[in-house]
Amino acid sequence: MDAPLREYVERYQPEDAVIAAARARGAGLGCAPIGAGGGAALRFLATALQARAVVEIGTGAGVGALYLLGGMPAAGVLTSIDVEPEHQRAARVAFAEAGIAVSRTRLIMGRALDVLPRLTDGAYDLVFVDAAKAEYPRYLDEGVRLLRPGGVIAFDNVLWNGKVVDQAHRDPVTVAMRDVVRAVRDDDRLVPVLLPLGDGLLVAAKTP
């Protein structure tokens with residue numbers, strides 16, 4: 001996809017002032033939130049699934065969470081996990097600016113691979129992954145366990161700046177991206193699609 005077309009896709013749904021402010025805070029913290037196109041896809045998925053229970057791995061500054069909450073029903077609850085306390089503080093600012101009730105978010109500080117095993121099997125409609133890239137394959141195993149039949153797992157940044165298609169790149173993160181893309185494709189429990197939004201959004205539904 002050439003640059004003008006990519007920009008057209010990313011700007012198809014303009015971001016509101018609250019998301020733009022959250023994105024700016026994320027940049028200041030050195031975390032790169034999901035892009036506008038990927039965010040719109042998350043909101044679409046949350047709406048289509050009528051997702052009442054969502055897990056986000058990687059809170060960042062709250063950009064992804066704002067998109068997810070924007071598609072969830074009013075009674076829906078987002079559980080968001082991050083190891084960085086300043087990221088979750090920034091997310092709380094974003095939620096307050098958006099007028100989101102405190103009862104709709106559950107922020108858990110900690111390493112995702114330590115927290116996820118404590119969450120209930122089959123209890124979630126949607127799992128979104130945007131955290132430590134080298135751990136993506138391990139997040140897949142936990143995420144599928146958490147999903148109800150028909151639930152969806154989504155991974156951001158799976159194209160990794162185009163490195164996944166260049167076998168000369170063998171660094172741990174690029175290898176992890178290749179591994180998770182391959183594992184999702186080959187998993188009989190999942191029906192996947194790879195979307196060229198932002199830096200690549202891999203989405204897969206759990207079969208009944």
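The protein has eight helices and seven strands. Helices (H or I, at least four residues) and strands (E, at least two) are DSSP runs, numbered from the N terminus. This is a predicted model: local features need pLDDT of at least 70, side-chain atom pairs count only at pLDDT 80 or more, and totals for chains, interfaces and linings use all residues. Residues are numbered from 1 along each chain as its sequence is written, and side-chain values use heavy atoms, with hydrogens and water left out.

Start with the overall form. The C-alpha trace spans about 45 × 40 × 30 Å along its principal axes.

Next, the inside. Of the 208 residues, 49% count as buried. Buried means under 20% relative accessible area, exposed over 50%, and partly exposed in between (1.4 Å probe, protein chains only). The largest nonpolar core has 31 residues. Such a core is a set of buried Ala, Val, Leu, Ile, Met, Phe, Trp, Tyr and Cys residues joined through side-chain atoms within 4.5 Å. Leu-68, Met-72, Phe-95 and Leu-126 have the most contacts inside this largest core. The elements that give two or more residues to it are α2 (17–29), α3 (36–49), α4 (63–71), α5 (85–97), β4 (124–129), β5 (147–156) and β7 (201–206). Another core, of 29 residues, lies apart from it, and includes Val-55, Ile-57, Ile-108 and Leu-147.

Which residues does Phe-95 touch, not counting those up to four places away in sequence? They are Gly-62, Ala-65, Leu-66, Leu-69, Ile-100, Thr-105 and Leu-107. Contact means heavy atoms within 4.5 Å. Among contacts in the protein between residues at least 6 apart in sequence, 68% join residues at least 24 apart.

Finally, look at two backbone angles. Gln-50 lies in the loop between α3 and β1 (53–57). Its phi is positive, about 50 degrees, although Gln-50 is not a glycine. Gln-50 is partly exposed, with a relative accessible area of 46%. Trp-160 sits in the loop between β5 and α8 (172–186). Trp-160 is also not a glycine, and its phi is positive, near 45 degrees.
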